[in-house]
Amino acid sequence: ALLVTLVTTWLAVSAYRASEEANFRRQQAEELVSFMVEDLSTELRPIGKLGILDSVSQKALDYFSSIDVASSPPDLLQRHGKVLAQIGTVRVEQGEYEQSLAAVAHALEYLQRALSSGVKSDRLHELANAHLGVASVHYEMQNIEAAKRHVIANRDLLQRLVELAPQQHQYAQELASADYNLGAIAASEGDLDGAEQRFQSALGVFDELADRNSDDAQLPSLKAEVYLWLGNIAADREDAEGSLQFYAQGVDEHRLSLGLDAEPNRKVALANALTMLAVEERTLRPDAAVSYLDEAEQLLGEAVAFDSDNARWRQRLNRAMVIKSATMLMRGCEVQIPSMLEAVEVSAAELLKKDDGYVETHRDRIDAGILAARFAYGQGDLALAQTKATAAKSRAYSILKRNSSDPISNRYYLRAVQ
C-alpha cells in the first residue's frame, strides 16, 4: 500500500510539474507574441515596416482563435484580447480589412468575457479600444452604421472611465477623440450641425490638454484633423473664407506635430492638409496652390521612400500629383505636366495589379488620362488627345459597368465617360 501511495504521489507530482512547465512555456510564448505585436510594431510603424509582422500576426491569430474561451481565466482573456486588438490595428493600417475584422472580433469576445468577471479600469479601457478598432475597420470599408454603433460603445466605455478616474488625462483625450469620430460619421451622413458640435467639443478638450503638454506631438495632430473637418463643413456651406482659415490652421497644427516627431505618418498627414488647402486656394491663387502641392509631393515622396509597398501613401502621392497637374493647367500648358501624369498612370496601374478594387486609384488613373488629353489638345496634338481621352473613357466605362451600389462613385465614372 505504501508503494502504491508513493507511486501515485510521484505520478501526481510529475503531472503537476509537467503542467507547470507547459504553462510556463505557454506564458513565455504568449509574452513573446505580445512583445512582437505590441512593442515591436511601435518600432516598425515609423519606418513603414509593419509587413515584417505578417507571419507572427497570422500565427498568433490562429493560436488565439483555438483557445477555449469558456474555461479561460479573465486575466488570460484580457491579455489575449489586447494582443488580438493590436493585430487588428496593424492589419487595418496595411489595408487588410477582412483579416483585421477577424482579429478584433475575437478581441471583443475575449474582453467582454473578461469584463463580465469583474469591472476594472484596464479591462474597460481594453474593451473600449477593441470597439474603436472594429469601428475603424467598418469605417474604412464604408460600413457607416456598423462603425457608428462601435464608436458609440467606445464612447460609453470611455465616459465610464473618465468618471472612475477623472485625473487620467489619457481617458479625457480618448473621450474627446470619440466625439471627433462621431463628428466624422455625422458629417458623412450629411448632419453638418451635429458634426460641428462634436468637433468643437473635441477641439476644446484637445486645446486644454495641449496647453498642459506642449511636447506631445499627438495633440496638435488631433487638433489639425478637427480643423480640417471644420474646413470641409465650411466648404459644404459655401463659406470659402471660413474653409481656407480652417485648412490653414490644420496645416499649422500638423506642421507643429511634425516638428515634434518627424515620423512618416506625420509627413503624410501634413501633406494631406496641404493638398486640401491647395484645392481650396487654386481658383484664386494657383501659384500658392502649386507651392503647397510641391511641399506635399516632397513629403509624400519621403514617406513612400520609407515604405514603397504602402499602397495608401502611394495613392495619396498620385492624387497630389494629379491635383498639381490640374492646377498647373489652369496657369497654362507647362512642360512638366505630361511626365507627372505619366508617372501617376504607371504607379496607379502597378497598385491596381495588387488590388483592383481600390476606388481612389481607379480615379487617379482616369483623371490622369483626362488631364493628359487636355494637355495634348492644348498643344495641338489632336491624335494623342484622342488616344488619351478614349483610354480614360474606356476605363471609366468598364468600372461603371461592374461598380457596386455606390452612387457617388457611379456619378464620377458617368461624368468621366461623358
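**Helix packing in a predicted model**

Helix 9 and helix 10 cross in a left-handed sense, where left-handed is said of a near helix turned anticlockwise from the far one by less than a right angle, and right-handed of one turned clockwise. Helices here are DSSP runs (H or I, at least four residues), numbered from the N terminus. The model is predicted, so local features need pLDDT of at least 70 and side-chain atom pairs count only at pLDDT 80 or more, while totals for chains, interfaces and linings use all residues. Residues are numbered from 1 along each chain as its sequence is written, and side-chain values use heavy atoms, with hydrogens and water left out.

The axes of helix 9 and helix 10 (residues 240-260) come within 7 Å and cross at roughly 165 degrees, the axes being lines fitted to C-alpha atoms, for helices over the stretch in contact, with angles from 0 to 180 degrees between N-to-C directions. The two helices are therefore roughly antiparallel, since angles over 145 degrees count as such, those under 35 as roughly parallel, 65 to 115 as roughly perpendicular and the rest as oblique. Their contact (heavy atoms within 4.5 Å) involves residues including Leu228 and Gly231 of helix 9 and Phe246 and Gly250 of helix 10. By class, eleven residues of this contact are nonpolar, nine polar and three charged, where Ala, Val, Leu, Ile, Met, Phe, Trp, Tyr, Cys and Pro count as nonpolar, Asp, Glu, Lys and Arg as charged, and the others, Gly among them, as polar.

Helix 9 itself (residues 218-236) has 19 residues and should span 27 Å at 1.5 Å a residue, which agrees with the 27 Å between its end C-alpha atoms; the expected span is 1.5 Å times one less than the number of residues. After helix 9 comes Glu238, with a positive phi near 60 degrees.

Phe199 belongs to helix 8 (residues 192-212) and Trp229 to helix 9, 30 residues apart.

Elsewhere, the axes of helix 13 (residues 311-331) and helix 15 (residues 359-378) come within 10 Å and cross at roughly 25 degrees, so these helices are roughly parallel.
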